[in-house]
Amino acid sequence: MLITLPFVLLLLDYWPFRRFGPANSPPETAGGAVVSRAPFGHLVVEKLPLFALAAAIAVVTMAARERHGALVSFDTVSLLARLGNALAA
């Protein structure tokens, strides 16, 4: 879930916060709060630390899955066993 956080925050910037737009446009008032606009590149740059954190978490997760055997090849488990697991799950 943490990997999707930067993308969700960008989506929130677009809607409902309406922060996406030309920087020279006048600020809007939405629900009593003043909303300033920012170009898309600026919104991405301000979330770069979160993208870096998401990438690090993805690398750690993949390394842990491989190290502890969470990923099993198709040769190890038969198709029938996989279908049975899918039904049970």
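**Close-up views of a predicted model**

**View 1. A64 counts as partly exposed, at 35% relative accessibility.** The model shown here, and in every view below, is predicted. A64 sits in helix α3, which covers residues 48-67. Its relative accessibility lies between the 20% under which a residue is buried and the 50% over which it is exposed, so A64 falls in the middle class. Another alanine, A54, is 10 residues away along the chain. The C-alpha atoms of A64 and A54 are separated by 15 Å.

**View 2. The whole protein chain has 4 helices and 2 strands.** Read from the N terminus, the order of elements is α-β-β-α-α-α. The radius of gyration is 21 Å, well over the 12 Å that the globule rule gives for 89 residues, so the protein chain is more spread out than a compact globule. The C-alpha trace spans about 60 × 25 × 20 Å along its principal axes. Buried residues account for 11% of the 89 residues. The protein chain exposes about 7000 Å². Carbon and sulfur atoms supply 70% of that area. How many side chains are positive, and how many negative? There are 7 positive and 5 negative ones, and the centres of the two sets lie 3 Å apart.

**View 3. Helix α1, residues 5-14, has the buried residues P6, L10 and D13.** Seen down the axis of α1, these buried residues fall within an arc of 55°, so they line one face of the helix. In an α-helix there are 3.6 residues a turn, so residues three or four places apart point the same way. What covers the buried residues of α1? The cover includes α2 and α3. Now turn to the face away from the buried side. That face of α1 carries F7 and L11, both exposed.

**View 4. K47 lies in the loop between α2 and α3.** Helix α2 spans residues 40-46, and α3 spans residues 48-67. Is K47 buried or exposed? K47 is buried, because its relative accessible area is 5%, and the cut-off for buried is under 20%. Which residues does K47 contact, leaving aside neighbours within four places in sequence? They are P6, L9, L10, D13 and R19. Three of these contacts, P6, L10 and D13, are the buried residues of α1.

**View 5. H42 lies in helix α2.** H42 counts as partly exposed, with a relative accessibility of 44%. A88 lies 46 residues away along the chain. The C-alpha atoms of H42 and A88 are separated by 47 Å.

**View 6. The loop between α1 and β1 holds P16 and R18.** The peptide bond leading from W15 to P16 is cis, with omega near 15°. R18 has a phi near 55°, a positive value in a residue other than glycine. Most residues other than glycine have a negative phi, and most peptide bonds are trans. R18 counts as partly exposed, at 41% relative accessibility. Not counting residues up to four places away in sequence, R18 touches L12, D13, E28, V35 and R37. One of these, D13, is also a buried residue of α1.

**View 7. E28 is found in strand β1, residues 28-30.** E28 is partly exposed, at 31% relative accessibility. Which residues does E28 touch, not counting those up to four places away in sequence? They are R18, A33, V34, V35 and R37. R18, from the previous view, is 10 residues away along the chain. The C-alpha atoms of E28 and R18 are separated by 9.0 Å. V35 and R37 are touched by E28, and R18 touches V35 and R37 too.

How values were computed: Residues are numbered from 1 along each chain as its sequence is written. This is a predicted model: local features need pLDDT of at least 70, side-chain atom pairs count only at pLDDT 80 or more; totals for chains, interfaces and linings use all residues. Side-chain values use heavy atoms; hydrogens and water are left out. Buried means under 20% relative accessible area, exposed over 50%, partly exposed in between (1.4 Å probe, protein chains only). Contact means heavy atoms within 4.5 Å. The arc is that of the directions from the helix axis to the C-beta atoms. The radius of gyration is taken over C-alpha atoms; the globule rule is 2.2 Å times the number of residues to the power 0.38. Accessible areas come from the Shrake-Rupley method with a 1.4 Å probe; for residues, only the protein chains shown count as cover. Lys and Arg count as positive and Asp and Glu as negative; His and the chain ends are not counted. The place of a charge is taken as NZ of Lys, CZ of Arg, CG of Asp or CD of Glu.
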